[in-house]
2 protein chains.
Amino acid sequence: MTTDFTATKRQFHLPEGLIYLDGNSLGPLPKTAAARVAQAITGEWGELLIRGWNKAGWMDQPSKVGDRVARLIGAEAGHVVMGDTLSIKVYQALASALQLAPKRRVILSDTGNFPSDLYMAQGLAQTLGADYRLKTVAPEEVLGAIDDTVAVVMITEVDYRSGRRHDMAALSARAHEVGALIIWDLAHSAGAFPLQVAKDGADFAVGCSYKYLNSGPGGPAFIYVAPRHANLVQPALSGWLGHDAPFAFDPDYRPAPGVERMRVGTPPVLQLAALEAALDIWDSVDLHDLRAACLSLGDRFIAGVEATCPTLRLVTPRAHDQRGSQISFAHPEGYAIMQALIAQGVIGDFRAPDILRFGITPLFIGAVEIDGAVAALSQIMTSGSWDRPEFKARAKVT
Amino acid sequence: MTTDFTATKRQFHLPEGLIYLDGNSLGPLPKTAAARVAQAITGEWGELLIRGWNKAGWMDQPSKVGDRVARLIGAEAGHVVMGDTLSIKVYQALASALQLAPKRRVILSDTGNFPSDLYMAQGLAQTLGADYRLKTVAPEEVLGAIDDTVAVVMITEVDYRSGRRHDMAALSARAHEVGALIIWDLAHSAGAFPLQVAKDGADFAVGCSYKYLNSGPGGPAFIYVAPRHANLVQPALSGWLGHDAPFAFDPDYRPAPGVERMRVGTPPVLQLAALEAALDIWDSVDLHDLRAACLSLGDRFIAGVEATCPTLRLVTPRAHDQRGSQISFAHPEGYAIMQALIAQGVIGDFRAPDILRFGITPLFIGAVEIDGAVAALSQIMTSGSWDRPEFKARAKVT
């Protein structure tokens, strides 16, 4: 183990007394982020004004930061760009992938995919017309459902509820075997464990930066296009910054070389600055060390909860190769239980209808926090203290 | 005149000795923005973590900020939301508008429209197939070209090069007369002069916040959907935050009521915080005062340049009702002239092929700055000091 996780933990601001097991939803604040954003605001925007696009490198930021993300997901350098939101990147990837299988009409996904991915596919299918349709099967049935009617397989590698992990290499290989393409949504993968999107055959990969990568609320998304496709696809969202010569102001769209064509509009410079600060922490992290620590802490959490909370049912697969980073338990009163836990300073989250979700993020979570979370959860379950009206009242964002 | 423009100027950080005539491209830094963003980072993200979505109001930010923008563009409250980039909002508006004229296939725009709007229309037309097409005519020919073959008229109210302003009420009325819809891009309008999108018949309006509204590089865009359409359109970019119940995680998309359906993914909380600070300045501004000051300063600038720089040709219409806020001059060596001017501390910008563009923004520009800019430009033109290799070498971003 070469990664020093006590050192990475010191690089985050974590409120005193809080155990934060929700880094899979919104990563905590890197201590250098405020200063980096302040510099972008006062030093760059304030002093350079419009000249910041050249002199502060704002225009190149989406590609430069993309290269740093490429390293974390096992993509070739120069084939990832940042921008927009994950839903927008899903739309772009899907519209592009469908062009590469022009005679087919089926987008295959699974019922465990994040709803926004499914919604974006529905919106695109409706826009395309011509019998395009989204077909969803159970997560376990994806492999068997990939046949030569399928144009594109669109899968989130780790299920946002169950924490179940798909086999990227196997599904990609099967897709290619039948002449289909595959899009991997890495929302719960990037920064959670080692990835090899190039080697594992992803045609496209997309993800967000505000979860495991810790870029802050509303941080930009990323998109990877395999080099073999990057110059072939005609972007559906053909914005000026994906143009070959944006400042020539040509009347006709002509895509930039490679993945740059997936840029759309003006990049979110302030959010990208926060992401840059967050990525500095990753420079000292070996993702294999991170994975080993995550699995060990996950096992410890499962053992602790199962020993003390018999009514909580483990939803996440026990097998290491079948799970991502989070550990999920089900309980019919999951919402109230999670609120009671949060009131005690242990933050996980709830996903309808009945999932308690705990992100195991070794960059800032260790055995002490896992044991503390188990103790709090066990106390709540044993005492039944979750059974109060204030814990059952639903907030807007769950 | 009730607006105190010396007071608004004090609310911006403006580098010493610089005359900034490029607020039409990137507005300057409001002095309170750094602290507001720092609070979002350290006070909200740092301390609340995931709870910020409820407790800091992040989830409602796009609508709350949208209401403040609505006031500036003359839209009904509750009918504007923030998010994404302007190009994305153009795509959404266009895809929605085309649904409302289902038997027609022509998107009409003009050759003076910002290229990204045209590109997005080209991308959407290609995605839709079925003979959808973009038709462009000269700006002066738009009115005459609106006939009953046109599904949607898509116009940027103020031409980004010439500064020529279209007649919103007249074009909207003509579009409706022939059963077409109209989308107004307010990139160079919002914060530049009083607007009445509702009264003037806009079906959709979109715009960005980083120009006249001063939200900083990459600030979010806005979209307005007329109340009469807002519950009828099926979003093409059907993201989860535009769903009627995002946290129910339904497998099927069901649009939220009204303009909320135009939300897509996670809002850019940090960029929105900067915009909130910028909008505070607008609370003390009467847009009619702003317009009067802008026209008067524009006239002063035109008179000064024409008196001293005979080789610069005025491109912007002299008539007040036919121009926006910027003043543009053409010169074959416009690029080098602008670089020479910037080197002297007067910042405007250049737009290919030959346009020198000057933003007249009374919030922080007065007669002293106008006279200073005229003096510098006149000195450069008289001495020929622009004619140097360092001024002719093109930067990536012009």
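Axes here are lines fitted to C-alpha atoms, for helices over the stretch in contact, and angles run from 0 to 180 degrees between N-to-C directions. Keep in mind that this is a predicted model.

Q: At what angle do α10(A) and α10(B) pack?
A: Helix α10 (residues 269-282) of chain A packs on helix α10 (residues 269-282) of chain B, with the axes 7 Å apart. The crossing is right-handed. A:L270, A:Q271 and A:A274 meet B:L270, B:Q271 and B:A274 there. The angle is about 135°, which makes α10(A) oblique to α10(B).

Q: What kind of axis relates chain A to chain B?
A: Chain A can be laid on chain B with an RMSD of 0.0 Å.

Q: Which residue of chain A comes closest to the rotation axis?
A: Go by C-alpha positions in chain A. The closest approach to the rotation axis is 2.6 Å, and the residue is A:L128.

Q: Which element gives the most to the side of chain A that touches chain B?
A: The contact takes 80 residues from chain A and 80 residues from chain B. On the chain A side, the elements giving two or more residues are α2 (33-48), α3 (52-55), α5 (86-99), α6 (115-128), α10 and β14 (349-351). With ten residues, the top contributor is α6(A).

Q: Why can we say that the copies meet through the same surface?
A: Take the interface residues of chain A and look for them in the interface of chain B. The copies meet through the same surface because the share of chain A interface residues that are also interface residues in chain B is 100%.

Q: At roughly what angle do the axes of α2(A) and α10(A) cross?
A: Within chain A, α10(A) also has α2(A) against it: A:A33, A:R36, A:V37, A:A40 and A:I41 meet residues of α10(A) including A:L270 and A:A274. α2(A) passes α10(A) in a right-handed crossing. The axes come within 8 Å, and the crossing angle is roughly 145°.

Q: Which residue with a positive phi follows α2(B)?
A: Helix α2 (residues 33-48) of chain B has several buried residues, among them B:V37, B:A40, B:I41 and B:W45. After α2(B) comes a residue with phi near 55°, and that is B:L49.

Q: How many residues of β10(B) are buried?
A: B:A221, B:I223 and B:V225 point one way from β10(B), while B:F222 and B:Y224 point the other way, and all are buried. Strand β10 (residues 221-225) of chain B is therefore largely enclosed by the rest of the structure. The count is five of the five.

Q: Over how many bridges does β10(B) pair with β9(B)?
A: Two partners of β10(B) can be listed. Strand β4 (residues 80-83) of chain B runs antiparallel to β10(B) and is joined by four bridges, with B:V81 opposite B:I223. Strand β9 (residues 204-208) of chain B is also antiparallel to β10(B), and B:G207 has B:F222 as its bridge partner. The β9(B) pairing runs over five bridges.

Q: Which are the edge strands of the open sheet in chain A?
A: Four strands form this sheet in the order β11-β12-β15-β14, with antiparallel pairing. β14(A) pairs with strand β15 (residues 355-358) over three bridges, and A:D349 has A:R357 as its bridge partner. An edge strand pairs on one side only, and those here are β11 (313-314) and β14 of chain A.

Q: Which residues of α13(B) make the contact with α12(B)?
A: The axes of helix α12 (residues 334-343) and helix α13 (residues 367-383) of chain B come within 10 Å and cross at roughly 125°, so the two are oblique to each other. Their crossing is right-handed. From α12(B) come B:I337, B:A340 and B:L341, and from α13(B) come B:A376, B:L377 and B:I380.

Q: Is A:I370 buried or exposed?
A: A:I370 sits in helix α13 (residues 367-383) of chain A. Leaving aside neighbours within four places in sequence, A:I370 is in contact with A:L297, A:R300, A:F301, A:G304 and A:I365. The cut-off for buried is 20 or more other C-beta atoms within 10 Å. A:I370 has 25 C-beta neighbours inside 10 Å, so A:I370 counts as buried.

Technical notes: Residues are numbered from 1 along each chain as its sequence is written. Chains are lettered from A and ligands numbered from 1 in the order in which they are written. This is a predicted model: local features need pLDDT of at least 70, side-chain atom pairs count only at pLDDT 80 or more; totals for chains, interfaces and linings use all residues. Copies are superposed by least squares on the C-alpha atoms of residues with pLDDT of at least 70 in both. Two residues are in contact if their C-beta atoms, placed from the backbone, lie within 7 Å. A residue is buried if 20 or more other C-beta atoms lie within 10 Å of its own, exposed if 12 or fewer, and partly exposed in between; C-beta atoms are placed from the backbone. Two strands pair if DSSP finds at least two bridges between them. Angles under 35 degrees count as roughly parallel, over 145 as roughly antiparallel, 65 to 115 as roughly perpendicular and the rest as oblique. A crossing is left-handed if the near helix is turned anticlockwise from the far one by less than a right angle, and right-handed if clockwise.
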